Amino acid sequence: MQTKVVAFLFIAAMVVQVIKPLGLPGLKRRGDFWKIAVAAIAVMMLTVLIRPS
């Protein structure tokens, strides 16, 4: 459940970035939404690595 919430927040951040840039360092242009996607992939990979099996 928590993973789905985090994924939704990353997707929402990417949509907002395309509509109106967030203005954070490294996210000043609309085309920088891909950086959020890279961060999301990294977070998901980290979650899979540390999740107890």
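How many salt bridges does the structure hold? The structure, a predicted model, holds two.

1. Arginine 29 forms a salt bridge with aspartate 32, and their closest N and O atoms are 3.2 Å apart. Lysine 35 also meets aspartate 32 in a salt bridge, at 3.8 Å from N to O.

2. Aspartate 32 has a relative accessible area of 4% and is buried, because buried means under 20%. Arginine 29 is exposed, at 57% relative accessibility. Lysine 35 counts as partly exposed, at 32%.

3. Helix packing comes next. H1 and helix H2, the latter covering residues 33-50, pack at an angle of about 170 degrees, and their axes are 9 Å apart. H1 is therefore roughly antiparallel to H2, since angles over 145 degrees count as such.

4. The contact between the helices can be listed by side. H1 contributes Thr3, Val6, Ala7, Phe10, Ala13, Met14, Gln17 and Val18. These meet Phe33, Ile36, Ala37, Ala39, Ala40, Val43, Met44 and Thr47 in H2.

5. There is also a nonpolar surface patch of about 490 Å², made by Met1, Val5, Phe8 and Leu9. Of these, methionine 1 lies in the segment before helix H1 (2-19). Methionine 1 is exposed, with a relative accessible area of 78%.

Technical notes. Residues numbered from 1 in each chain as written. Predicted model: local features only at pLDDT ≥ 70, side-chain atom pairs only at ≥ 80, totals over all residues. Heavy atoms only, no water. Patch = residues over 30% accessible without salt bridge, like charges linked within 9 Å, V, L, I, M, F, W, Y side chains within 5 Å. Areas by Shrake-Rupley, 256 points an atom, 1.4 Å probe, with all protein chains shown as cover. Salt bridge = Lys/Arg side-chain N within 4 Å of Asp/Glu carboxyl O. Helix = DSSP H or I, 4+ residues; strand = E, 2+ residues; numbered from the N terminus. Buried < 20%, exposed > 50% of the residue type's maximum accessible area, 1.4 Å probe, protein only. Axes fitted to C-alpha atoms, helices over the stretch in contact; angles between N-to-C directions. Parallel < 35°, antiparallel > 145°, perpendicular 65-115°, else oblique. Contact = heavy atoms within 4.5 Å.
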